[in-house]
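Q: I'm new to this structure and would like a close look at one part of it. Could you walk me through it in one go?

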Amino acid sequence: MATRDSTDNPRRRIVEAAVELLENGGPDAVSTRAVAAAAGTQPPAIYRLFGDKEGLLEAVAEHGYAQFLERKRAQLDPAPQDPVEELRRGWDAVVEFGVSRPELFAVMNRATGPGPDAAHRSGLEILHGRVRRLAAGGWLRVDEELAAQIIQATGQGAVTTWHSTPADRRNPALLTVLRESMVAAVTRAEPAIPAAESGPAAAARALRAALPDDSDVLSDAEQRLLREWLTRLAADGGAPRA
C-alpha cells in the first residue's frame with residue numbers, strides 16, 4: 001500500500017507497489033502491468049523510471065535495504081556495555097527480517113546493481129563495527145574478517161534452512177542453536193543455552209534414534225505409540241503435567 005509520502009513521488013509509489021505484490025504473490029506477481037495498475041500509473045512510466053523489470057527489482061532491493069538499515073541503525077549502540085549481547089541482537093535482527101520477509105530478503109540477496117551494492121556495504125560496515133568492538137574487548141576467538149564471515153554465513157544459513165523446511169517441521173529452537181553456535185565459534189563467551197543435556201529428554205532421543213524400523217517384539221501400533229511417547233519426552237524432558 002502506498003504511503004502518504006509516496007503519493008507525490010511516482011518512483012517511490014511504484015517501488016512500494018512492487019514490494020507489496022512481491023511479498024503477497026512472489027516474484028511472478030511483479031509484472032510491469034500489475035505494478036503499474038497497483039501504483040495507479042501506466043507501464044511506460046516503469047520503463048522510463050527503471051529501464052526494465054530487472055531495474056525495478058534492483059530498486060525494490062534498495063528499498064528493502066533502506067528499511068533494514070533503518071532498523072539496524074535504530075538498534076546501534078556505539079559503546080555497548082556487553083558487545084556479545086549486541087552481537088546476538090544484531091544477528092537476531094537479520095534473521096528475523098529474513099524469516100518474516102522471505103521474498104524481499106531473496107531479492108535483496110540477488111541484487112547486483114550499484115544501489116543495492118552500496119546499501120549492502122553499509123550493512124557490512126555496521127557488522128564490522130560490532131566485530132571491532134568485540135576484538136577491542138578481548139572477546140574474539142578468531143580474526144575479525146573470519147568472524148564477520150561466520151556471522152554472515154550462519155545468518156544466511158538460518159534463513160535459508162528455515163524457509164526450505166516444511167512449515168509444520170520448523171522449530172524456533174533451530175535459530176537459537178545456530179545463533180549460539182555462531183557466538184561460540186567467534187567469541188570466548190559462554191553460550192546462552194546448555195552445551196549438553198542429560199535426563200529423560202536426552203535418553204528419549206537416544207532411544208528413539210536406536211529403535212529399529214521393524215521389530216519382532218512390538219506390533220506396528222505399539223511401535224507408533226512408543227515413538228509418540230518418546231517424541232513427547234524428547235520435547236519437554238518428561239516434565240510432569242499438572
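Which residues line the largest cavity?

A: Before we start, keep in mind that this is a predicted model. The residues lining the largest cavity are Gln75, Glu86, Arg89, Gly90 and Arg130. A search of the whole structure turns up 1 cavity of 30 Å³ or more, and the volume of the largest cavity is about 30 Å³. Helix α5 gives the largest share of that lining, with 3 residues. Sorted by class, the cavity lining has no nonpolar residues, 2 polar ones and 3 charged ones.

Let's stay with α5 and see what it packs against. Helix α5 covers residues 83-100, and it packs with helix α8, residues 144-164, at an angle of about 35°, the two axes being 9 Å apart. The crossing of α5 past α8 is right-handed. On the α5 side, the residues in this contact are Leu87, Trp91, Val95, Gly98 and Val99. Over on α8, they meet Ile151, Thr154, Gly155, Ala158, Val159, Trp162 and His163.

Now follow α8 to its contact with helix α9, which spans residues 173-186. The axes of α8 and α9 come within 10 Å and cross at roughly 170°. Angles over 145 degrees count as roughly antiparallel, so that is how α8 and α9 run relative to each other. From α8, Ala147, Ile150, Ile151, Thr154, Ala158, Thr161 and Trp162 take part. Their partners in α9 are Leu174, Leu175, Leu178, Met182, Ala185 and Val186. The class count for α8 with α9 is 11 nonpolar, 2 polar and no charged residues.

Both α5 and α8 turn up again at the largest pocket, where α4 (53-75), α5, α6 (102-110), α7 (114-136) and α8 each supply at least two lining residues. This pocket has a volume of about 400 Å³. It is lined by 22 residues, and the closest to its centre are Phe68, Lys72, Val94, Gln152 and Gln156. The largest share of the pocket lining comes from α7, with 6 residues. As for the classes, the pocket lining divides into 13 nonpolar, 7 polar and 2 charged residues.

So where does that leave the cavity you asked about? Its lining holds no nonpolar residues, whereas the lining of the largest pocket includes 13 of them.

Technical notes: Residues are numbered from 1 along each chain as its sequence is written. This is a predicted model: local features need pLDDT of at least 70, side-chain atom pairs count only at pLDDT 80 or more; totals for chains, interfaces and linings use all residues. Side-chain values use heavy atoms; hydrogens and water are left out. Axes are lines fitted to C-alpha atoms, for helices over the stretch in contact, and angles run from 0 to 180 degrees between N-to-C directions. Helices (H or I, at least four residues) and strands (E, at least two) are DSSP runs, numbered from the N terminus. A crossing is left-handed if the near helix is turned anticlockwise from the far one by less than a right angle, and right-handed if clockwise. Contact means heavy atoms within 4.5 Å. Angles under 35 degrees count as roughly parallel, over 145 as roughly antiparallel, 65 to 115 as roughly perpendicular and the rest as oblique. Ala, Val, Leu, Ile, Met, Phe, Trp, Tyr, Cys and Pro count as nonpolar, Asp, Glu, Lys and Arg as charged, and the others, Gly among them, as polar. On a 1 Å grid over the protein atoms alone, a cavity is a set of points where a 1.4 Å probe fits but cannot get out, and a pocket is an open set with protein on both sides within 12 Å along at least five of seven lines; lining residues have an atom within 4 Å of a point. Grid points are joined across faces, edges and corners, and a volume is the space filled by probe spheres set on the points.
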